[in-house]
Each structure stands twice: as C-alpha cells, then as structure tokens.
Amino acid sequence: MISIAICDDEAVFAEALHALVDAGMKEILYGENSMDERELSYEITVFTNPLMMIDALKTKRFDLAFLDLLMNKESGFGVAQEIRRMRLNTEIAIVTSYGEARNDAFQYRPIGYVDKPATIEDVTRLLRLYIDFYSDCKRYIYVGSEERRIAVNDVTYIEVRGRSIKIEMSIEGRKNEINTTGTISEYEEKLKSSGFVRCYRSILVNPHHIKAYNVVSKEFSMSTGTRLPVSRSYAVQAVTAYNRAKNGDGRL
C-alpha cells in the first residue's frame, strides 16, 4: 500500500490535485504502460488544513506528500520541516506557483516539483519517479514457512537467538512483532542493500528507526521505545549508520 498525502489549504486546488494523483496512479498501475506488479495499491488523504496534517503525522504513515508551499495557517515549509524533524520515511513533492520558492524548499530534500496549477503529465511523471526510485513498494522480505511478506521500512530491528528470530516492526506508530526462524547471516544478506547494520552480535538494526544514541549506556533508543545494546565491536559502523540516517543520507 502506497499512502499519499495532499496538503493545500485551497480546497479547489486540493481536490483538483487529488483527481490528478488518482488518475496518475491508475495510469501507472492499469494503463497501457502499466507496471508489472499489479498487486500494488494506494490510498490518498487530502488535508486542507496543514496543522491537521502535522497532527496526523504523529500516528499516520505517509509514503509521499504533495505540499503546497504557501498556505495561511502553516506553510508547506512548516509541514516539510515537521516531516524531516520527525525523521519519517516520507518523500516530499513540492507544489508551487512561485519558482523562486524552490530554492528555499531544497533543504527539505524534495524528490521533485509540480507547478501550480498541476497537469496530469507532471503529476504522473513524479509518481513514476517515486515508485521507480524512492518507494519501498518493491522492497520486502519474506519470512516464515508461509512466506509472509513484510515491508523493509517497517522493520525496526531483528534479533536472533539460536535459530529463533524476533522481528520488531513499527506500523503506523504501533509496535508489532513476528517470530520466525533463521540465522543472523541470512537476514544480514537479505538486508545489506537496505542500510541495516549490526549493533550487537545478534542484532540487526534499521538506522532510520533509531531516535537517539546514549553514549553513557551504549544503547540505541528506537522509534518504538525499545532500547538496544551497542557493543564495542559494532559501535563504529552502527553509530555511523545512525548519523547518516539522521542527516538524511543512506536512504532506505
């Protein structure tokens, strides 16, 4: 499921963009040049009050957000700032009729810009860019004898004890766990291209879910509230990965 947010305090423009995004996604999934993976699905949430979107970010996961830059109660800059401050795995697309504002928005690392009023060509192009290069819709791992598919971005850490494996996930702000079997090496191989690193001999951690590193207790505080030990053997690589994720590098 790709969750898309649209934020524009002018309802007419918000609904027009909603229609374009919906049409663009249908073209990508079911049109003449559709993608092969038809199992993809999507949902679109429209906000005409940017403060309500900021509040929703606390509990709702959005994969892609179309943000109008100039709004009354809170600018798109403010929403983008909150997305980056909360270190969410949300990509940003800027919607603006003011070309000069693009330079100011660059600091929030948008994946692209849509001129206002938007066109179906521009919106569809940006959606394809997101799906091809930024989304996690193709980035899954399969676990257990039933080959359960889980999104890599949802995984906070994986801990192995013998042949028993615990996979902790954060889904829309809620902690979930899966218990399965395997080895740490197997999962390290599966996730080596997704930025996961060991912080302990038996623990693989997702740097994008690390909220803080305690240099005294040598622990990571995770987005779920879980605390993970960081051993001396893996401290350098684990803390480096955390700092890169914190600064916006090493994208999953």
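The following questions and answers go through a predicted model of one protein chain.

In this predicted model, local features need pLDDT of at least 70 and side-chain atom pairs count only at pLDDT 80 or more, while totals for chains, interfaces and linings use all residues. Residues are numbered from 1 along each chain as its sequence is written, and side-chain values use heavy atoms, with hydrogens and water left out.

Student: How many helices and strands does the chain have?
Tutor: Helices (H or I, at least four residues) and strands (E, at least two) are DSSP runs, numbered from the N terminus. Counted in this way, the chain has seven helices and 15 strands.

Student: What percentage of the residues of the chain count as buried?
Tutor: Buried means under 20% relative accessible area, exposed means over 50%, and partly exposed lies in between, with a 1.4 Å probe and protein chains only. Of the 252 residues of the chain, the buried share is 50%.

Student: Which residue in strand 5 stands opposite Val95?
Tutor: Strand 4 (residues 91-96) pairs with strand 5 in the parallel sense, over four bridges. Across this pairing, the residue opposite Val95 is Val114.

Student: What is the order of the strands in the open sheet of three strands?
Tutor: The pairing here is antiparallel. Strand 13 (210-214) and strand 15 (227-229) are the edge strands, each pairing on one side only. From one strand to the next the twist averages 25 degrees. The order is 13-14-15.

Student: Which residue of strand 14 stands opposite Tyr213?
Tutor: Strand 13 and strand 14 (residues 219-222) pair in the antiparallel sense over four bridges. Ala212 stands opposite Ser221 in strand 14. The residue opposite Tyr213 is Phe220.

Student: Which residue takes a positive phi in the hairpin of strand 13 and strand 14?
Tutor: This hairpin has four residues between the strands.

Student: At what angle to strand 13 does helix 7 run?
Tutor: Helix 7 (residues 235-246) lies across strand 13 and strand 14. Relative to strand 13, helix 7 runs at about 135 degrees.

Student: Where is Pro117, and what is its omega?
Tutor: Pro117 is in the loop between strand 5 (112-115) and helix 5 (120-134). The peptide bond from Lys116 to Pro117 is cis, with omega near 5 degrees.

Student: Is Thr180 buried or exposed?
Tutor: Thr180 is found in strand 10. Leaving aside its neighbours within four places in sequence, Thr180 has contacts that include Val143, Arg163, Ile165 and Tyr187. Because its relative accessibility is 11%, Thr180 counts as buried.

Student: What is the volume of the largest pocket?
Tutor: On a 1 Å grid over the protein atoms alone, a pocket is an open set of points where a 1.4 Å probe fits, with protein on both sides within 12 Å along at least five of seven lines; lining residues have an atom within 4 Å of a point. Grid points are joined across faces, edges and corners, and a volume is the space filled by probe spheres set on the points. For the largest pocket the volume is about 450 Å³.

Student: Which residues lining the largest pocket are the closest to its centre?
Tutor: The elements that give two or more residues to the lining are strand 9 (164-171) and strand 10 (174-181). Of the 24 lining residues, the closest to the centre are Leu88, Ser170, Gly173, His209 and Ser223.

Terms used
Two strands pair if DSSP finds at least two bridges between them. Axes are lines fitted to C-alpha atoms, for helices over the stretch in contact, and angles run from 0 to 180 degrees between N-to-C directions. Contact means heavy atoms within 4.5 Å.
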